Amino acid sequence: MVDNPDEAGVFARVASAVLINMGTPQAATVAAMHAAVEACAAAGTPWVLDPVAAGGLPWRTEIARTLVAEHAPAIIRGNASEIAGLAGGSGGRGVDSTDSPEAVLDIARALATEHGCVVAVSGPVDHLTDGDRLVRLANGHALMTQVTGVGCSSVP
Ligand SMILES: Nc1ncnc2c1ncn2[C@@H]1O[C@H](COP(=O)(O)OP(=O)(O)O)[C@@H](O)[C@H]1O
Ligand SMILES: Cc1ncsc1CCOP(=O)(O)O
């Protein structure tokens, strides 16, 4: 991933797709996120947002909402609390979800419809929707909840 603000836009213009993971945002990497989204809009590059801890940490929640408003992503991938937080609700416990995908399904559908994207909500049963259709995937393992970064590394 290119997180240098002087390179992120150039890279997004030639990439086939761009992933923006909110992981551990700093001022410089946030500038890189904006540059990448701007370039994706100009070049038609699809981008994916992983709004790590959205709703749980106010500063990054605002950043994630702003990026989505600037240019809609193709996919938003988060756990249930991150999806609820991005959509305006409260978040979970740091990076961990305190909701189930089933509980936020209507929110996920509305978010997908609003931005014309796919929303993938991870959890014990992953729920993926474009606002209309719904796909459920139950191919995880409870042990995956014991490892930080599993959601981040399983972008659809
Ligand atoms: N309770 C669970 N049982 C089985 N698999 C799970 C469970 N929780 C999460 N997973 C698996 O781990 C993946 C990451 O989900 P999740 O923990 O919600 O992501 P994040 O790390 O972003 O919080 C899911 O796509 C699913 O495959
Ligand atoms: C991406 C990232 N960077 C530092 S912590 C963190 C959390 C993401 O973990 P998970 O995908 O398990 O929510």
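Colleague: What makes the packing of helix 2 and helix 3 roughly parallel?

Modeller: In this predicted model, helix 2 (residues 27-43) and helix 3 (residues 58-70) pack at an angle of about 15°, with their axes 10 Å apart. Angles under 35 degrees count as roughly parallel, and the two helices are therefore described as roughly parallel to each other. Where helix 2 passes helix 3, the crossing is right-handed.

Colleague: Which residues of helix 2 and helix 3 meet?

Modeller: With heavy atoms within 4.5 Å taken as contact, A27, V30, M33, H34 and V37 in helix 2 meet W59, I63, T66, L67 and E70 in helix 3. These contact residues divide into seven nonpolar, two polar and one charged; Glu counts as charged, and E70 is among the residues of helix 3 that take part.

Colleague: How do you know that strand 1 and strand 2 pair?

Modeller: Pairing requires at least two bridges, and strand 1 and strand 2 (residues 47-50) share four bridges in the parallel sense, so they qualify as a pair. Within this pairing V18 stands opposite W47 in strand 2. From strand 1 the chain crosses through helix 2 to strand 2, a β-α-β crossover that is right-handed.

Colleague: Why are strand 1 and strand 6 said to stand at the edges?

Modeller: The sheet is open, with six strands in the order 1-2-3-4-5-6 and mixed pairing. Strand 1 (18-21) and strand 6 (134-137) each have a single partner strand, so one side of each is left without a neighbour in the sheet. From one strand to the next, the twist averages 15°.

Colleague: In what sense do strand 5 and strand 6 pair, and over how many bridges?

Modeller: Strand 5 (residues 126-129) pairs with strand 6 in the antiparallel sense over four bridges, where at least two are needed. D126 stands opposite L137 in strand 6.

Methods
Residues are numbered from 1 along each chain as its sequence is written. Chains are lettered from A and ligands numbered from 1 in the order in which they are written. This is a predicted model: local features need pLDDT of at least 70, side-chain atom pairs count only at pLDDT 80 or more; totals for chains, interfaces and linings use all residues. Side-chain values use heavy atoms; hydrogens and water are left out. Axes are lines fitted to C-alpha atoms, for helices over the stretch in contact, and angles run from 0 to 180 degrees between N-to-C directions. Angles under 35 degrees count as roughly parallel, over 145 as roughly antiparallel, 65 to 115 as roughly perpendicular and the rest as oblique. A crossing is left-handed if the near helix is turned anticlockwise from the far one by less than a right angle, and right-handed if clockwise. A crossover is right-handed if, with the strands pointing away from the viewer, the path from the first strand over the helix to the second runs clockwise.
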